[in-house]
Amino acid sequence: LLTNMHCVEVPIVPAYAYASYLHGYDDTEYIDSLPTMPVIIDRKYDINGFLIFEVKGDSMNDGTNRALLDGDKILVRELSNDYCQNKIKIDESFFVIIHRTDGIVVKQIVDHKVNEGIIRCHSINPSPKYHDFDVDLREVTRMFKVAAIVSRKFK
């Protein structure tokens, strides 16, 4: 069963570097300078395009086993830039969205208006303080799909 698995080092985008990441995301030297974390993955995946982000806040915590908790480290896989032209599969997946001016968010995408280039982002926390919001894909520099939670602190 484990014959198709192997351990790889994946760069971690640390919480304190979120602002730096916005300006350095295409800089190979910056990515290479990030700390890494070993992760077991299936050999069928090319490790290029994978990063690890740390979740901040409770907007993606609905109290269920699919929740992302504050401090979770999540393994994400970069999507190709054709998400602007092709409909994003709307399902239960979570996405890390790098916005040109608004920073980095992890959200569920609940609607994609391809013709307008707009996605609707949703927090799964049912608190009334979290509202759905629209993002113009022309302002998105990169988008990642959450593949796994790779580290969770015991609380």
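pLDDT is the predictor's confidence in each residue, from 0 to 100. This is a predicted model, in which local features need pLDDT of at least 70, side-chain atom pairs count only at pLDDT 80 or more, and totals for chains, interfaces and linings use all residues. Residues are numbered from 1 along each chain as its sequence is written, and side-chain values use heavy atoms, leaving out hydrogens and water.

**View 1. The whole chain.** The mean pLDDT of the chain is 83. Of its residues, 83% reach 70 or more. The chain holds 2 helices and 9 strands; helices (H or I, at least four residues) and strands (E, at least two) are DSSP runs, numbered from the N terminus. From that end, the order is β-α-α-β-β-β-β-β-β-β-β. Of the 155 residues, 42% count as buried, meaning under 20% relative accessible area with a 1.4 Å probe, protein chains only.

View 2. Over residues 16-21, pLDDT stays under 50. For this stretch the model has 17 contacts beyond four places in sequence. A contact means heavy atoms within 4.5 Å.

**View 3. The largest nonpolar core.** A nonpolar core is a set of buried Ala, Val, Leu, Ile, Met, Phe, Trp, Tyr and Cys residues joined through side-chain atoms within 4.5 Å. The largest one has 19 residues. Phe53, Ile74, Val76, Val96 and Val106 have the most contacts inside it. Helix H2 (28-33) supplies at least two residues of this core, as do strands S3 (50-54), S4 (73-78), S5 (94-99), S6 (103-113) and S9 (140-151). S5 gives the most, with 3 residues. Another core, of 12 residues, lies apart from it and includes Tyr83, Phe95, Ile109 and Leu137. In soluble globular proteins, nonpolar side chains tend to be buried together.

**View 4. Two hairpins that share S6.** Two strands pair if DSSP finds at least two bridges between them. S5 and S6 pair in the antiparallel sense over 6 bridges. Their hairpin has 3 residues between the strands. Histidine 99 stands opposite glycine 103 in S6. S6 and S7 also run antiparallel, joined by 5 bridges. Glutamine 108 has histidine 122 in S7 as its bridge partner. Here 4 residues lie between the strands of the hairpin. In the turn, glycine 117 has a positive phi of about 70°.

**View 5. Asparagine 125 in its loop.** Asparagine 125 sits in the loop between strand S7 (118-122) and strand S8 (133-136). This residue is buried, with a relative accessible area of 12%. Beyond its neighbours within four places in sequence, asparagine 125 contacts Asp58, Ser59, Asn61, Asp62 and Tyr130.

Conventions
Buried means under 20% relative accessible area, exposed over 50%, partly exposed in between (1.4 Å probe, protein chains only).
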